[in-house]
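Please examine the fold shown below before reading on.

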Amino acid sequence: VDTSGYDGSESLFEECNADPTDPPPTTLPDGDHPSDEGPAFTREINAINSILSRCGYLLCHAQLHLQVLCCQSMLTGFETLGKIGAFRRARQGESASNPLLPSIAEYWPAIIARLRAASASYVSSNRISRKELSIRNAMAEDLGENTQSRKYLGVLLASLFTIVAELCAGSDGFFEDRFRHDVYPIIAKLVGECLQPMRGRETNFILTPLLVLIKSVFESSCRYSLTGLVPAAGSLILPFLACVGNVGDEASAAVKAMLTVDSDALWRPLHKLACRPFPPIPINLDERTAATITSEGSTALLVRPTRDQTDIVLARRAQHLLDFIETTSESPLN
């Protein structure tokens, strides 16, 4: 990128990383003073968009590690554009333009095309059984290369998921339609692939980044516009509550983010997983029964899971999420 004549990069990032609630500075980078006409950071935005354009072109490069580097560069560019938008809103109010929005419209086709292609490649590589691999790749090094390729695909998908999460967080709801129609079908397919048996640890390449993405989306400004996805997305994630370790923790955090948006959508399946009795109909209770139920509390289990440790972990996480619902204040759905 030709940046001749520009030496204000340090001040740019200092201004963008500042807290948007802080008072605006009295001076800005060259040519961007409060008295100037037009939005702030015009030259910097043009430079960032120029870099994004080149990175979008290189997303189709044959080498996966270069694609990952392009994703990282694009993520930094989108983050900076979002901070510029927040800085403008702090100075000019809600009417200020957000430079991230036109960048999403321009570079999203390249990102979603690479996400679709990478996810399809990952699913197809996972569906090759060991027997098929032994026939198609007679040499051990070929099998190692195939495994290495799946790892790079996992890293690439994780990088693309991080970009999607950033676009959801910084777009003020502008990204909702793209996530619903473009990204969610891919997520559903990949999560379904992770649920298939006999996949081993290979699915962990993308499972944790997937769960982090879902949590980030339902914590972003798009969350109330995506309320309709909570029942379906929650049903996909609930089986992972049985996982021990980081996967189970991230699944629990993702479900908790959904519950803050619409707690009723997952209340019944969580009750079943927790083995809790459903609350009786209040009109059929006498005073003695109601007092007994109140004294026992809401955390009593109807049936203690005894099959294996997985059932116990699943029931405990479901109980924790039900308790979270009880402590969550009601909020109107926008």
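The protein chain contains 13 helices and zero strands, where helices (H or I, at least four residues) and strands (E, at least two) are DSSP runs numbered from the N terminus. The model is a predicted one, in which local features need pLDDT of at least 70 and side-chain atom pairs count only at pLDDT 80 or more, while totals for chains, interfaces and linings use all residues. Residues are numbered from 1 along each chain as its sequence is written, and side-chain values use heavy atoms, with hydrogens and water left out.

Of the 334 residues of the protein chain, 42% are classed as buried; buried denotes under 20% relative accessible area, exposed over 50%, and partly exposed the range in between (1.4 Å probe, protein chains only). The chain exposes about 17,900 Å², of which carbon and sulfur atoms supply 54%; these areas come from the Shrake-Rupley method with a 1.4 Å probe, and for residues only the protein chains shown count as cover. Taking contacts as heavy atoms within 4.5 Å, 73% of those between residues at least 6 apart in sequence join residues at least 24 apart.

Helix α2 (residues 42-58) comprises 17 residues and reaches 25 Å from its first C-alpha to its last, close to the 24 Å expected at 1.5 Å a residue; the expected span is 1.5 Å times one less than the number of residues. Glu44, Ile45, Ile48, Asn49, Leu52, Cys55 and Gly56 are buried in α2. Viewed down the axis of α2, its buried residues fall within an arc of 130°, so they line one face of the helix; the arc is that of the directions from the helix axis to the C-beta atoms. In helix α9 (residues 230-237), the residues Val230, Ala233, Gly234 and Ile237 are buried. The buried residues of α9 fall within an arc of 100° when seen down its axis, and therefore line one face of the helix.

Which aromatic pairs does the structure hold? A search of the whole structure finds two, given that rings of Phe, Tyr and Trp (its six-membered ring) pair if their centres lie within 6.5 Å, with planes under 30 degrees apart counted as stacked, over 60 as edge-to-face and the rest as tilted. Phe41 and Phe87 form an edge-to-face pair, at 5.4 Å centre to centre and 65° between the planes. Phe41 lies in the loop between α1 (9-16) and α2, and Phe87 in helix α3 (residues 64-92), so the pair ties together parts that are 46 residues apart in sequence. Phe41 is buried at 0% relative accessibility, and Phe87 is buried at 8%. The rings of Trp108 and Phe175 have centres 4.9 Å apart and planes at 85°, so this pair is edge-to-face. Because Trp108 lies in helix α4 (residues 100-126) and Phe175 in the loop between α6 (140-170) and α7 (176-195), the pair ties together parts that are 67 residues apart in sequence. Both Trp108 and Phe175 are buried.

The structure holds zero disulfides, a disulfide being a pair of cysteine sulfur atoms within 2.5 Å. For Cys222, which is in no disulfide, the nearest cysteine sulfur is that of Cys168, 4.5 Å away. Cys222 is buried, with a relative accessible area of 0%, whereas Cys243 is partly exposed at 27% relative accessibility.

One backbone angle remains. Most residues other than glycine have a negative phi. Asp172 has a positive phi of about 55° although it is not a glycine. Asp172 is found in the loop between α6 and α7 and is partly exposed, with a relative accessible area of 49%.
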